[in-house]
Amino acid sequence: MSHHDDQTRVWDLIASIKFAMLATHDGQGDELRARPMHAHGERADDAIYFLTDVRHHKDDEIQVNDNVCVAFADTGGQRYLSVTGTATVLDDRKRVHDLWDASNRAFWDDENDPNIRVLRVRPSMAEFWDSPGKIVTSVKMAAATLTGAKPNLGENRKVAL
């Protein structure tokens, strides 16, 4: 697989998995804190966007240390992705409207809530683990146990973005 293909695979995984754990540095930048977020990958912008609430202090954490990790997991499909990058919190009302969907009503009344912010992550590197699926992986693991051979459980790559 070429570097371009690997980059495409990263963006495809972001688009298909959608939900991720966003890890930021808490306190004085030494402690890590992760929370589930709905990711909106935009390859053309070289960015992953999230809607966030200014009252939850992610902007404060990012001011202390803007290095973040976004970890995606599709356990049913045995697909995993870790993205490292730098984050910025933006008060971008147009982007809020573009990213808004009905599921956000669980957190805000509507997209005009003044507490909504856009958290933008500019990825610098990623690593993915992409297997042929749970059933095939299980069969390969069982065969490896019986034969003593090391199973090929799919692709694992580090990708500069």
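Okay, ground rules. What you see is a predicted model, where local features need pLDDT of at least 70, side-chain atom pairs count only at pLDDT 80 or more, and totals for chains, interfaces and linings use all residues. Residues are numbered from 1 along each chain as its sequence is written, and side-chain values use heavy atoms, with hydrogens and water left out.

Let's start inside. A nonpolar core here is a set of buried Ala, Val, Leu, Ile, Met, Phe, Trp, Tyr and Cys residues joined through side-chain atoms within 4.5 Å. Buried is under 20% relative accessible area, exposed is over 50%, and partly exposed is in between, with a 1.4 Å probe and protein chains only. The largest core has 23 residues, and Phe72, Leu81 and Val121 touch the most other members. Helix α1 gives the most to this core, with five residues. For the labels, helices (H or I, at least four residues) and strands (E, at least two) are DSSP runs, numbered from the N terminus.

A second, separate core has nine residues, including Val96, Trp108, Ile116 and Val118.

A pocket, on a 1 Å grid over the protein atoms alone, is an open set of points where a 1.4 Å probe fits, with protein on both sides within 12 Å along at least five of seven lines; lining residues have an atom within 4 Å of a point. Of the 17 lining residues, the closest to the centre are Pro36, Met37, Leu51, Phe107 and Trp108. Strand β2 supplies the largest share of the lining, five residues.

Last bit: salt bridges, meaning a side-chain nitrogen of Lys or Arg within 4 Å of a carboxyl oxygen of Asp or Glu. The count comes to eleven. Asp6 pairs with Arg157, closest N and O atoms 3.0 Å apart, and that links helix α1 to strand β8, 151 residues apart. Asp6 is buried at 7% relative accessibility, while Arg157 is partly exposed at 24%.

Asp91 meets Arg93 at 3.0 Å, N to O, and also forms a salt bridge with Arg117 at 3.8 Å. Arg117 sits in strand β7 and Asp91 in the loop between β6 and α3, so that pair ties together parts 26 residues apart in sequence.
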